[in-house]
Amino acid sequence: MKRWAALGLLAFVFAGCNGGTVDRHALKRDSEKVTSLATEGELLANDISKGASTKDFARVHAQELAGAASDFATSLAKRPTVAGIELKVRKLSRLAAKVSRELDQLHLHPTDRGAAASLKRPLLADADAASKLAK
Amino acid sequence: MKIFQVALGILAAIGGFVDIGDLVFNVSAGATFGYQLLWVVVIGVVGIIVYSEMCGRVAAISGKAVFDAVRERLGFKVGLMALVSAQVVNLMTLTAEIGGVAICLQLLSGLPYRSLIVIAGIAIAIVVWVTSFDWIERIFGYGGLCLLVFAVAAVKLDPIWSQVGHGFVPGMQTQNPTLYAYFVIGLLGAALTPYEVYFYSSGGVEEQWGPKDLGLNKANAMIGYGLGGFLSLALMIVGGSLFLVKGIEPEFLGSIALGAEVPLGQIGLLLAIVGILFAVSGAAIDTLFSGAYNLAQFLGWEWGRYRAQTGAPRFTVTWLVLLVLALGAVMTGVDPVQLTEFAVIFSAVALPLTYIPILLVANDRSYMREYVNGRLANTLGLIYLLVIVVVALAAVPLLVLTNVGQG
């Protein structure tokens, strides 16, 4: 009995980590996460544009951030939603995909200061758009 | 040269206080609640100083480390339970730290993560095999001091110091008290994480401490863990000054390094990554040794790095097996940061089984003679035991209620 209770507990924990129906609370959390990834990407882009980062750090960290944004894009594109928020969820998915593509540019061109400077504004705009979806 | 003698405390603290989980946990706490949780770090630091001093004193006077006491005081059955829980948490933490070493190497070199896991594992094995205990302490303890760059970053980020000051006074200004409680429990669990005292007390025996070293024990506990706490505070202030303001939830080791890069540029970034590399490598060695110490002490085997490998063969085989198991686990692709968060919370559950025997032995005159706990040590020890029990009871429910701190 105790073993089943423990398994149930773990299932509950992990169910909350990933998948399942997107409700308003989950939409808010995921919007905040996408906002965070885009803002962090903008910070990194800013440092690259000033020559304040290193090639390997910029390449690896941009890839980490891009991967996380891509995971959100994939997951939010297909997860079921509660009534009334599906459009917002799919919009957030597209936004996460865009953030992922922009971060991929940083990953591919970690020393290109011009490219990094040109990505700052779109990443900030994405962060702003994602934060609006959280409200 | 006296300063070099506190290397054990510094390694135990750098490895225990600012391992991969603490780095992310402290910065996340700052990014989520600003400076509101600084007081928890202070409480955690005092607690670990109290118990480390106690178990260091026990080691110096009786020559016994923590798991000797666990076996003697808790009996075989309960002692075995403590051993199993300690080993599971040790292995989880070791896995996470090896992953952390590989991530740092990747941030420095850009090489593939999986290859770096293997390189990290081999490097740790070679260092542990060929390097004396003293030099392991010095290399990783003092190398980890590069993390002081976060103190400079915290100042450079120009926080509102009056708000920082308020953070040292317990209080809760949040709409999410459950998440706040989760961070309190997590920070306390991370500060009091059991492998720190396993390593510290066994290290005292390794260094063959005696009654004349009690002053050194106090200095190690206070300077080492005080420094670890200082670094934790700096990390939290960086989290509050940079990430909270920007709305960033730092979830990667790279995010932590970015916290030094933004205010200090490339030099800050490099010092941060090197400091993290030494800290997580030190933590990997702490946990690797702790796992071997615990098993050897519980089963009454010969143990100790001060002996030749052949002088304590089962101890040597144990740490080699633990290293291979952890390497296998990290190669499955498990996220080191998430894993260590689970390890911190689960280790909180096992805290009483570690700390109760220490308190009992430190009060036993047949072991400790005139060096038994005084009134202050007992009062603080009992207060912290209460804190530890609350942390142990609340850890898993809060983990579930907050969806692993996701709110």
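Before we go on, a word about the model. It is predicted, so local features need pLDDT of at least 70 and side-chain atom pairs count only at pLDDT 80 or more, while totals for chains, interfaces and linings use all residues. Residues are numbered from 1 along each chain as its sequence is written, and chains are lettered from A and ligands numbered from 1 in the order in which they are written.

## Chain A

Chain A has five helices and zero strands, in the order α-α-α-α-α along the sequence. Helices (H or I, at least four residues) and strands (E, at least two) are DSSP runs, numbered from the N terminus. Of its 135 residues, 40% count as buried, meaning that 20 or more other C-beta atoms lie within 10 Å of a residue's own; 12 or fewer make it exposed, and anything in between partly exposed.

## Where the chains touch

On the chain B side, 25 residues are in contact with 24 residues of chain A.

| Helix of chain B | Residues |
|---|---|
| α4 | 66-109 |
| α12 | 253-299 |
| α17 | 375-401 |

The most comes from α12(B), with nine residues. By type, this side of chain B has 11 nonpolar, 11 polar and three charged residues. Here Ala, Val, Leu, Ile, Met, Phe, Trp, Tyr, Cys and Pro count as nonpolar, Asp, Glu, Lys and Arg as charged, and the others, Gly among them, as polar.

## Two helices packed in chain B

Helix α2 (residues 20-33) and helix α9 (residues 177-191) of chain B pack at an angle of about 150°, with their axes 10 Å apart. Axes are lines fitted to C-alpha atoms, for helices over the stretch in contact, and angles run from 0 to 180 degrees between N-to-C directions. α2(B) and α9(B) are therefore roughly antiparallel to each other (angles over 145 degrees count as such; under 35 is roughly parallel, 65 to 115 roughly perpendicular and the rest oblique). Among the residues that meet are B:Phe25 and B:Ala29 in α2(B), and B:Phe183 and B:Leu187 in α9(B). The residues of this contact comprise seven nonpolar, three polar and one charged.

## One exposed residue

B:Arg365 sits in helix α16 (residues 365-368) of chain B. Why is B:Arg365 exposed? It is exposed because it has 9 other C-beta atoms within 10 Å.

Methods
Contact = placed C-beta atoms within 7 Å.
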